[in-house]
Amino acid sequence: MLDTSEKTTELGVFLPVGNGGWITSTTSPQLPATYDYNKQVAILAEEMGFDFALAMAKWRGYGGPSKHWDITLESMTAMAGIAEATSRIGVWGTVHTMVFHPAVVAKMTAVIDQISKGRFGLNIVSGSNPSDQGQMGLWMDLDHAERYELAEEWLTVLKRLWTEERVDHKGKHYELIDCMSNPKPSVQPPIICAGASDRGFLFTMEHCTGSFMLGSDHDDFIKTGLRAKELAAQQGKPGFKTYGLFTIVPGATDAEARERVAYYDSGVDTIALDNQTREYSGDKSFKQNTMAQRFVSQGESRNSMTRAALVGSSETIGRKLAEIVKGAQLDGVTVIVPDFIDDLRTVGTEVVEVLAQNGVMTNAYAHQKAAQ
């Protein structure tokens with residue numbers, strides 16, 4: 001019996017804008033970091049009724065035999081193109097606050113808002129690792145709290161430029177003198193952040209519309225999601241949204257899916273993982289940087305992907321995912337898959353049906369039913 005009592009959960013795809021996608025291996029699908037491929041993925045997601053497509057920002061790869069992420073598309077320009085190539089799906093780009101001045105981003109977002117007709121969203125990153133932005137001389141050696149202080153000032157300036165005709169601002173990190181930024185976005189874009197420390201969560205609650213989160217396993221996802229909702233309630237933000245990021249490896253059977261993971265692990269690129277571990281471990285605020293700790297944990301475990309991946313048949317994946325979505329009270333699910341055509345099609349047809357059967361309704365499922 002289909003349970004339709006639950007709210008609609010947003011469904012998005014984390015685009016593979018880095019070569020090799022999200023699996024650090026020589027035996028996984030060697031996805032090209034090209035605009036054409038990512039446009040194909042975004043159009044497919046839109047056709048299946050997904051709600052948004054998100055692109056990461058990455059400036060330096062990890063090398064190794066797989067040359068993992070040695071080629072990456074720039075996030076904002078990629079999403080501008082995808083905005084033109086699509087008509088309904090949300091298009092979300094990512095910026096590092098240390099890389100772009102907020103006045104530059106204010107102008108960029110206003111243009112993409114016009115291209116997308118109000119479908120643009122922004123993911124901000126206050127840190128990353130010293131090598132990624134340090135290679136360009138843009139890494140600021142700030143501690144964990146100072147990075148969020150910078151990000152707070154950055155967003156304050158950005159939002160003022162979105163809404164005010166002229167901005168005068170003199171702060172610790174930015175000075176604007178009679179600054180004009182036109183055009184304005186037609187609507188204020190939603191803003192998400194993946195800060196997962198206590199400081200990061202509180203920053204996100206205060207300044208953003210949603211939190212982008214990971215979990216190390218089923219229970220950790222639920223714990224993290226509920227913590228975010230509890231903090232949002234304490235901050236008087238009942239409408240604050242939480243989006244979980246999930247790696248999904250589907251198969252016709254559970255055994256077949258596990259075989260896929262074993263095959264990818266057989267080609268795990270330990271050199272790339274060691275480089276990833278070294279770069280994130282070099283952060284002076286590593287102990288406070290929850291996201292960096294997850295990257296290092298993957299490297300130390302010598303696995304081609306996170307061990308929190310949902311692996312199995314569509315029935316198994318849908319059931320497990322529904323348990324987490326409901327248990328963590330997630331508002332949205334962002335998907336990573338090995339093959340962003342065939343596997344994404346499996347998620348958008350088979351997995352969403354199982355989700356619906358387990359009380360998690362998505363627009364993708366409604367779209368599928370309407371087309372039948």
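**Buried charges, a helix pair and some backbone exceptions**

Aspartate 331 is buried, and lysine 229 is buried too. Their side chains meet in a salt bridge, with 2.6 Å from N to O. The pair links distant parts of the chain. Aspartate 331 sits in the loop between helix H11 (314-328) and strand E11 (332-336), while lysine 229 sits in helix H7, 102 residues apart. This is a predicted model, and the contacts described here are read from its atoms.

Arginine 260 and aspartate 343 form a salt bridge whose closest N and O atoms are 2.8 Å apart. This pair also links distant parts of the chain. Arginine 260 belongs to helix H8 (residues 254-266) and aspartate 343 to helix H12 (residues 342-357), 83 residues apart. Both residues are buried. Salt bridges that share partners also join Lys7, Lys229 and Asp331 into one network.

The structure holds 14 salt bridges. Another of them is formed by aspartate 178 and arginine 166, with the closest N and O atoms 3.1 Å apart. Aspartate 178 lies in strand E6 (residues 175-179) and arginine 166 in the loop between H5 and strand E5 (167-170), so this pair ties together parts that are 12 residues apart in sequence.

Now take a buried charge without a salt bridge. Aspartate 113 lies in helix H3 (residues 102-116). Aspartate 113 is buried yet has no salt bridge. The nearest side chain of opposite charge is arginine 119, 9.1 Å away. Which residues surround aspartate 113, leaving aside its neighbours within four places in sequence? Aspartate 113 is in contact with Gly118, Phe120, Pro185, Ser186 and Val187.

Next, the helix pair H5 and H6. The axes of helix H5 (residues 144-163) and helix H6 (residues 198-207) come within 10 Å and cross at roughly 10 degrees. Angles under 35 degrees count as roughly parallel. H5 and H6 are therefore roughly parallel to each other. On the H5 side, the contact involves His144, Ala145, Tyr148, Glu149, Ala151, Glu152, Leu155 and Lys159. These meet Arg199, Gly200, Phe203, Glu206 and His207 in H6. By type, the residues of this contact divide into 5 nonpolar, 3 polar and 5 charged. An α-helix has 3.6 residues a turn, so residues three or four places apart point the same way.

Serine 211 is in strand E8 (residues 210-213). Its relative accessible area is 0%, so serine 211 is buried. Beyond its neighbours within four places in sequence, serine 211 touches Cys193, Gly195, Phe201, Thr204, Phe240, Lys241, Thr242 and Tyr243.

The backbone has its exceptions. Most residues other than glycine have a negative phi, and most peptide bonds are trans. Where does the chain depart from this? The peptide bond from asparagine 182 to proline 183 is cis, with omega near 10 degrees. Proline 183 is in the loop between E6 and E7. Lysine 67 has a positive phi, near 50 degrees. Lysine 67 is found in the loop between strand E2 (52-54) and helix H2 (75-85). Tryptophan 69 has a positive phi as well, near 60 degrees, and is in the loop between E2 and H2. At 5% relative accessibility, tryptophan 69 counts as buried.

One more buried loop residue ends the tour. Phenylalanine 100 is in the loop between strand E3 (90-96) and H3. Its relative accessibility is 16%, so phenylalanine 100 counts as buried. Leaving aside neighbours within four places in sequence, phenylalanine 100 is in contact with Trp59, Glu74, Val95, Val105, Met108 and Trp154. Phenylalanine 295 is 195 residues away from phenylalanine 100 in sequence and 24 Å away in space, C-alpha to C-alpha.

Notes:
Residues numbered from 1 in each chain as written. Predicted model: local features only at pLDDT ≥ 70, side-chain atom pairs only at ≥ 80, totals over all residues. Heavy atoms only, no water. Axes fitted to C-alpha atoms, helices over the stretch in contact; angles between N-to-C directions. Helix = DSSP H or I, 4+ residues; strand = E, 2+ residues; numbered from the N terminus. Parallel < 35°, antiparallel > 145°, perpendicular 65-115°, else oblique. Contact = heavy atoms within 4.5 Å. Nonpolar A, V, L, I, M, F, W, Y, C, P; charged D, E, K, R; others polar. Buried < 20%, exposed > 50% of the residue type's maximum accessible area, 1.4 Å probe, protein only. Lys, Arg positive; Asp, Glu negative; His and termini not counted. Salt bridge = Lys/Arg side-chain N within 4 Å of Asp/Glu carboxyl O.
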